[in-house]
Amino acid sequence: MVVILPEVSRTLNEYLLVPNLTTEECTPDNVDLSTPIVRYPVGGESPLRIAVPLVSAIMQAVSSPRLAIALAQTGGLSFIHQNQGIAEQAESVSAVKRHKAGFRHSDINTKPSATLGEVSRLLRAAERDIAVVTEDGSAGGRFVGLISTADFHPHRHDLNDTVESRMRPAAGLVTAPPTISLSDANTLIWDHRLDLLPIVTDNGHLASIVLRRDYELHKQFRNESIDDDKRFRVGAGVNTRDYRDRIPALVEAGADVLCIDSSDGYSVWQRNTLQYAVGELGGAVPVGAGNVVDGRGFRYLAEAGAAFVKVGIGGGSICITRDQKGIGRGQASALIDVVAERDRYAQETGVYVPVCCDGGLLADYHMAIALALGADFIMLGRYFARFDESPSNLVNLDGQLYKEYWGEGSQRARNVARYDQGETEMPFEEGVDGYVPYAGSLYPNIARTVSKLRATMVSCGAVTVPAFHRDAVLVQVSQQSYEQNGAEVRLRSGSGGSGQ
Ligand SMILES: NC(=O)C1=CN([C@@H]2O[C@H](COP(=O)(O)OP(=O)(O)OC[C@H]3O[C@@H](n4cnc5c(N)ncnc54)[C@H](O)[C@@H]3O)[C@@H](O)[C@H]2O)C=CC1
Ligand SMILES: O=c1[nH]c(=O)c2[nH+]cn([C@@H]3O[C@H](COP(=O)(O)O)[C@@H](O)[C@H]3O)c2[nH]1
Ligand SMILES: [K+]
């Protein structure tokens with residue numbers, strides 16, 4: 001017989017928090033946002049925890065190595081998307097693991113034959129003072145010098161002159177080999193009053209750079225997500241088809257955690273994938289699963305060995321799954337149901353399986369509501385897509401800056417994904433392809449969001465996430481429906497979006 005759940009499907013937007021008593025110990029500085037990512041015995045410690053409970057979505061427009069590094073620096077975690085070839089995805093994971101904190105990929109480069117006008121525009125656009133000069137203008141080219149805004153002035157120098165005419169040539173510059181440690185690199189920077197230290201290989205090619213301003217920045221990174229070898233932590237998405245090839249490649253590349261990426265995780269396909277990872281691979285890497293929206297889905301995946309379970313169908317800003325397939329559930333209702341099952345499961349089995357709230361968070365405070373409702377961590381797509389560090393293009397539309405953002409179920413994402421398999425037809429789209437307002441660099445944005453979370457928890461008298469789960473008092477607000485009009489996604493013309 002058909003089942004009709006007795007309650008209305010509610011979103012995060014329909015709740016507010018009622019403050020609890022705030023005591024002297026309950027200050028923003030004392031709030032500990034750290035949280036478990038993978039399953040652990042009740043009373044024990046999760047083998048993978050992060051300091052800031054935010055992870056980036058398994059999406060092409062979101063989780064690239066650059067974003068993964070920035071997010072790990074600030075205490076979160078990225079899941080590199082799986083809508084690409086296995087070797088390509090493994091290389092992205094490996095790039096994050098290879099990255100030495102403080103040594104960055106040189107992104108502002110020029111070549112000796114470029115004009116001063118060109119380099120001036122490059123620096124202005126990037127809001128930087130200094131560019132690296134390599135023979136071919138690439139980040140790995142032969143290092144030939146540096147040029148900064150102190151080396152030329154548009155009123156004194158002809159902007160048609162070449163970079164070569166004003167650059168400081170390599171021969172007179174302090175450089176270091178790739179084997180140098182970060183602390184020795186910083187010593188060189190201070191001893192020689194450098195803004196930028198080029199790291200140059202034996203054969204004269206640029207390997208990376210160390211910036212003086214990162215030194216200050218680094219001191220703020222007390223929360224970095226790093227492994228025992230001090231490498232950044234990184235996750236990756238997998239699917240329920242090529243997992244026998246993809247999972248071992250990602251393990252080999254050094255992925256810390258994986259997650260099955262699907263709109264609907266309550267399937268035998270996910271159980272098979274988990275059985276492979278837990279059984280045949282002997283749990284070489286923890287694998288999360290999802291997405292589900294009720295307790296049945298949670299239990300099925302937890303019993304199959306999921307490291308965590310991800311919640312959310314159709315709530316994402318680029319989602320049209322509800323319109324297309326009529327499946328989904330308001331994110332708050334879904335979380336309440338799943339969290340209750342997580343707690344029952346923990347009591348019955350002694351195993352705590354963390355819950356991730358994925359998609360549809362329109363305001364920073366929705367993250368606090370999700371945590372209050374019991375989520376252990378939160379996955380965000382639109383939020384991260386807006387930043388410099390995301391891989392999508394920055395575009396100017398009618399004088400406003402936007403970053404491109406598209407769903408993994410959109411034709412644009414599928415085109416890439418299915419290319420290898422010779423499949424280009426898709427009967428219908430499940431996501432839109434559009435733009436989100438550009439928001440600058442990830443660093444100040446994460447800092448602001450974290451401050452808000454801390455402030456909310458202070459008001460609610462909680463200094464840890466588990467205390468917040470236990471003590472939060474929530475109230476439903478009026479008759480708001482789960483329309484999510486607040487999401488600013490401007491549709492690309494022709495993108496199949498009925499509602500977002
Ligand atoms: N969270 C959300 O609300 C949504 C997310 N998405 C995203 O779009 C992308 C695509 O998601 P889906 O379409 O759910 O992909 P999917 O690959 O999980 O499922 C597509 C179809 O293939 C079937 N399937 C999966 N593995 C199979 C196997 N081994 N053999 C035979 N059939 C199999 C599934 O049952 C389903 O009908 C993902 O990145 C997902 O995160 C899309 C829509 C909604
Ligand atoms: O209906 C959908 N069609 C899509 O094409 C699509 N792509 C991603 N996702 C899901 O949305 C989440 C990100 O949501 P936000 O942008 O709201 O953070 C992601 O984490 C996914 O769960 C999709 N949902
Ligand atoms: K299903």
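The following questions and answers concern a predicted model of a protein chain with a ligand.

Reader: How many Å separate the centres of domain 1 and domain 2?

Author: The domain assignment gives domain 1 as 12–101 + 222–491 and domain 2 as 109–210. Taken over C-alpha atoms, the distance between the centres of domain 1 and domain 2 is 38 Å.

Reader: Which residues come nearest to ligand 1?

Author: The shell around ligand 1 divides into 3 nonpolar, 13 polar and 5 charged residues. Of the 21 residues around ligand 1, those that come nearest are Thr240, Ser262, Ser263, Glu408 and Gly409.

Reader: Where does UniProt place the feature "binding site"?

Author: The annotation comes from an unreviewed UniProt entry. The entry places the feature at Asp261, Ser262, Ser263, Gly312, Ile313 and Gly314. These residues span 54 residues in sequence, yet no two of their C-alpha atoms are more than 13.8 Å apart, so they gather at one spot.

Reader: Is serine 262 buried or exposed?

Author: Serine 262 lies in the loop between strand E14 (257–260) and helix H8 (268–280). Among residues beyond four places away in sequence, serine 262 touches Thr240, Gln270 and Asn291. A residue counts as buried if 20 or more other C-beta atoms lie within 10 Å of its own. Serine 262 has 23 such atoms within 10 Å, and therefore serine 262 is buried.

Reader: Which residues does glycine 314 touch, not counting residues up to four places away in sequence?

Author: Glycine 314 is placed in the loop between strand E16 (309–311) and helix H10 (321–325). Glycine 314 counts as buried because it has 25 C-beta neighbours inside 10 Å. With residues up to four places away in sequence left out, glycine 314 touches Cys319, Thr321, Arg322, Ile327 and Gly328.

Note on methods
Residues are numbered from 1 along each chain as its sequence is written. Chains are lettered from A and ligands numbered from 1 in the order in which they are written. This is a predicted model: local features need pLDDT of at least 70, side-chain atom pairs count only at pLDDT 80 or more; totals for chains, interfaces and linings use all residues. Domain bounds come from an automatic or database domain assignment. A residue is near a molecule or strand if its C-beta atom, placed from the backbone, lies within 6 Å of it. Ala, Val, Leu, Ile, Met, Phe, Trp, Tyr, Cys and Pro count as nonpolar, Asp, Glu, Lys and Arg as charged, and the others, Gly among them, as polar. UniProt positions are given in the numbering used here, feature names are shortened, and annotations may be inferred rather than shown by experiment. Helices (H or I, at least four residues) and strands (E, at least two) are DSSP runs, numbered from the N terminus. A residue is buried if 20 or more other C-beta atoms lie within 10 Å of its own, exposed if 12 or fewer, and partly exposed in between; C-beta atoms are placed from the backbone. Two residues are in contact if their C-beta atoms, placed from the backbone, lie within 7 Å.
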